[in-house]
Amino acid sequence: MNYLMQSTVRCLRQRWSVYALREVDVQLASLAFSARLMCSAAKDLGDLVEKDKVVVFMKGTPAQPMCGFSNAVVQILRMHGVNEYAAYNVLDDQDLRQGVKDYSNWPTIPQIFLNGEFVGGCDILLQMHQNGDLVEELQKLGIRSALLDAEKESK
Amino acid sequence: MLPSVLLCARPLSTILGFTRPLANFTTHMAPNRPVEGAIRTKLTQQLEPEHLEVHNESHMHAVPPGSESHFRVLVVSPRFEGLSLLQRHRLVNETLAEELRTCVHALAIQAKTPQQWFSNPSLAKSPPCLGGSKGDHTVEEKLKAGSD
């Protein structure tokens, strides 16, 4: 009887450990799947921000911005003669909206990337415009700011 | 038996809490502006600013009156010495991470060193709203979180 009970307990323990292992497996697999999804999303965003020299994630489009801060970014770029750039409307894609915030670890939109590197939001772009840094950064990308020509003409 | 009796021997007012002195709260707390208060408190504690302005700009946007969803902050702190603009803004974002995660939808930041503020003591102005918050479910969720 004792032997029977012992072997039953042993058997149950083995089954339980197999069950527990299976549960852990499922959880690990689910974690791994989420991690793969996140890596894949990050890779996609990585590709997106590196595809073009100037990339903007905004609300609305350059032709029709839906947010004052996004519009400010569009206007600043326009002043520098930068009218051809990649603009992604996050209002059209909630996954993109959250994805870019996770990717850049930045909580708000708009977001500007130059040469694949996150530069900042509207406030930073405005300050870069005001202190001349934006002209310099565009120059590094081989983009001549229209403000340089405007300055030349005025002299 | 005795310790629990001693516990119960606390004055009723203390147990109920309504006579707790207001000195426990900093002067940054405004009862009807909890988010603004929290922003002020956290920025003061973390960045030790020489000058701090917190402006609720929600009224400039397509959100209900009394909302606390759109803010502009001006922080003047020696903590920003030697930091790039991005680093400074990240510091402010990290300080207000909880608010940004829950109820604050937009945060405009000016982060200056005392020298920079001395040379140019001006608050930037936010651009006019283009109505993007209206019908935006993310904003609606944050407004709800702010009112809870």
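Predicted model: local features only at pLDDT ≥ 70, side-chain atom pairs only at ≥ 80, totals over all residues.
Phe113(A) is buried, because its relative accessible area of 1% falls under the 20% cut-off.

- Chain A holds an open sheet of four strands, in which the order is 2-1-3-4 and the pairing is mixed.
- Strand 2 (86-89) and strand 4 (117-120) of chain A stand at the edges, and because each has a single partner strand, one side of each is left without a neighbour in the sheet.
- Averaged over this sheet, neighbouring strands are turned by 25° against each other, with direction ignored.
- Strand 3 of chain A, which covers residues 111-114, runs antiparallel to strand 4 of chain A and is joined to that strand by three bridges.

**Aromatic rings**

- Over all chains, the count comes to five aromatic pairs.
- Phe113(A) and Phe118(A) make up one aromatic pair, with 5.3 Å from centre to centre and 55° between the planes, and the pair is classed as tilted.
- The 55° between the planes of Phe113(A) and Phe118(A) leads to the class tilted because stacked is kept for planes under 30 degrees apart and edge-to-face for those over 60.
- Phe113(A) and Phe118(A) also belong to one aromatic cluster, together with Phe57(A), Tyr88(A), Tyr103(A) and Trp106(A).

**The sheet of chain B**

- In chain B, three strands form an open sheet in the order 1-2-3, again with mixed pairing.
- Strand 1 (51-56) and strand 3 (106-112) of chain B are the edge strands, each of which pairs on one side only.
- Strand 1 of chain B and strand 2 of chain B (residues 70-76) run antiparallel and are joined by six bridges, and His51(B) stands opposite Val76(B) of strand 2.

**The largest pocket**

- The largest pocket holds about 740 Å³ of space.
- Its lining consists of 31 residues, and those nearest the centre of the largest pocket are Ile124(A), Gln127(A), Met128(A), Asn131(A) and Leu85(B).
- At least two lining residues each come from strand 4, helix 4 (122-131) and helix 5 (133-140) of chain A, and likewise from helix 4 (85-95) and strand 3 of chain B.
- Helix 4 of chain A gives the most to this lining, with seven residues.
- Sorted by class, the lining of the largest pocket has 13 nonpolar, nine polar and nine charged residues.

**The second largest pocket**

- About 540 Å³ of space lies in the second largest pocket.
- This second largest pocket is lined by 20 residues, among them Gln98(A), Lys101(A), Pro107(A), Leu100(B) and Arg101(B), which lie nearest its centre.
- Two or more residues of the lining are given by helix 3 (94-104) of chain A, and also by helix 4, helix 5 (97-102) and helix 7 (137-147) of chain B.
- The lining of the second largest pocket divides into five nonpolar, seven polar and eight charged residues.

Notes:
Residues numbered from 1 in each chain as written. Chains lettered and ligands numbered in written order. Heavy atoms only, no water. Pairing = 2+ DSSP bridges. Axes fitted to C-alpha atoms, helices over the stretch in contact; angles between N-to-C directions. 1 Å grid on protein atoms, 1.4 Å probe; cavity = no way out; pocket = protein on both sides within 12 Å on 5 of 7 lines; lining within 4 Å. Points joined across faces, edges and corners; volume = space filled by probe spheres on them. Nonpolar A, V, L, I, M, F, W, Y, C, P; charged D, E, K, R; others polar. Phe/Tyr/Trp six-rings, centres within 6.5 Å; stacked < 30°, edge-to-face > 60°. Buried < 20%, exposed > 50% of the residue type's maximum accessible area, 1.4 Å probe, protein only.
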